[in-house]
Amino acid sequence: MLHHIPNIITSSRIVLAAVFPFCPESYYVLVVFAALATEFLDGFIARVFNWQSYVGQVLDPIADKLFVLSVSLTWVWLGKLDIWQWLLLGLRDFGVAALFIVVILRGQVLKVKALRSRMPSKITTAIQYLAFFIILFNFSVYLAPLVVLAAVMGVIAMAQYIYLLRQSMARDA
C-alpha cells in the first residue's frame, strides 16, 4: 500500500489545480508552494523507495500541465499575465500535449515511456514556478525575460522529446 504514496502526492497536485481558480488570492502563495512541494516530493519518494510506476510516470506530467494551466489561465483572467506571456510560459506543455495526441493517433501510446522527464523539461518546470512566484510577489519586471527563457527551454525539451520518441520508434520498427 505504501508504494502508492508518490501517486497520491501527485494526485494532490491535480486537486490543487482544480481549486486554485476558486481560492481567495490570499491563498495563492500557499497553493503554489504546496504544488511545488508535491512536484519535488512525489518523484523523490518514488526514487528513494523504488516506488516508481507507469501510472506515476503518466500521472505526474498530467498533474504538472493541469496545475500550470490552472494557475496561468487564472492569472490571464485576472490580468496578472498577458496572453503572449501565457503562450510562451506554456509552450513546452502545448508541445507535449500535441506530441501525445500524435502518439495516440498513431496507436503507439506505450511509446510514451520514452518521454520520461529529462533535465530540459525539469528546468522548464522550475522556470514556470519561478514565474509564478514572481507574479505572486509583484516582481513583474523579471517576468518577460523569464517567460522567454521558459519558451526557449520548452523548445529544447520538446526537441529532446521528439528525438527520444523517434529513437524509440526506430528501435522497435
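Modeller: A helix here is a DSSP run of H or I with at least four residues, and a strand is a run of E with at least two. The model is predicted. By that rule the protein chain has seven helices and zero strands.

Biologist: In what order do the elements of the protein chain run from the N terminus?

Modeller: They run α-α-α-α-α-α-α.

Biologist: How do you know whether the radius of gyration of the protein chain agrees with a compact globule?

Modeller: Set the value against the rule. A compact globule of 173 residues would have a radius of gyration near 16 Å. The protein chain has 16 Å, so the two agree. The C-alpha trace spans about 50 × 40 × 25 Å along its principal axes.

Biologist: What share of the 173 residues is buried?

Modeller: Buried residues make up 43%. The cut-off is under 20% relative accessible area. As for contacts with a separation of 6 or more, 80% join residues 24 or more positions apart.

Biologist: What makes α6 largely enclosed by the rest of the structure?

Modeller: The count of buried residues. In α6, 13 of the 18 are buried, so the helix is largely enclosed.

Biologist: Which residue with a positive phi follows α6?

Modeller: Asn 138, with phi near 55°. Asn 138 sits in the loop between α6 (119–136) and α7 (143–172). Asn 50 also has a positive phi, near 55°, and is not a glycine. Asn 50 belongs to the loop between α2 (28–48) and α3 (54–77).

Biologist: Why is Asn 138 called exposed?

Modeller: Exposed means over 50% relative accessible area. Asn 138 has 64%, so it counts as exposed. Asn 50 has 60%, so it is exposed too.

Biologist: Which residues make the nonpolar surface patch of about 520 Å²?

Modeller: Val 29, Phe 137, Phe 139, Val 141 and Tyr 142. Val 141 lies in the loop between α6 and α7. With 63% relative accessibility, Val 141 is exposed.

Biologist: Why is the contact between the side chains of Arg 13 and Asp 60 called a salt bridge?

Modeller: The cut-off is a Lys or Arg side-chain nitrogen within 4 Å of a carboxyl oxygen of Asp or Glu. Arg 13 and Asp 60 meet at 2.4 Å, N to O. Therefore the pair qualifies. Arg 13 lies in α1 and Asp 60 in α3, so the bridge ties together parts 47 residues apart in sequence. Both residues are buried.

Biologist: Which residues are linked with Arg 13 in a network of salt bridges?

Modeller: Glu 39, Asp 42, Asp 60 and Asp 64. Arg 13 meets Asp 42 at 3.3 Å, N to O. That pair joins α1 (residues 5–19) to α2, 29 residues apart.

Biologist: How do you know whether Asp 93 and Lys 65 meet in a salt bridge?

Modeller: Their N to O distance is 3.6 Å. The limit is 4 Å, so the pair counts. Asp 93 is in α5 (residues 91–105) and Lys 65 in α3, 28 residues apart.

Note on methods. Residues numbered from 1 in each chain as written. Predicted model: local features only at pLDDT ≥ 70, side-chain atom pairs only at ≥ 80, totals over all residues. Heavy atoms only, no water. Buried < 20%, exposed > 50% of the residue type's maximum accessible area, 1.4 Å probe, protein only. Patch = residues over 30% accessible without salt bridge, like charges linked within 9 Å, V, L, I, M, F, W, Y side chains within 5 Å. Areas by Shrake-Rupley, 256 points an atom, 1.4 Å probe, with all protein chains shown as cover. Rg over C-alpha atoms; globule rule 2.2 N^0.38 Å. Contact = heavy atoms within 4.5 Å.
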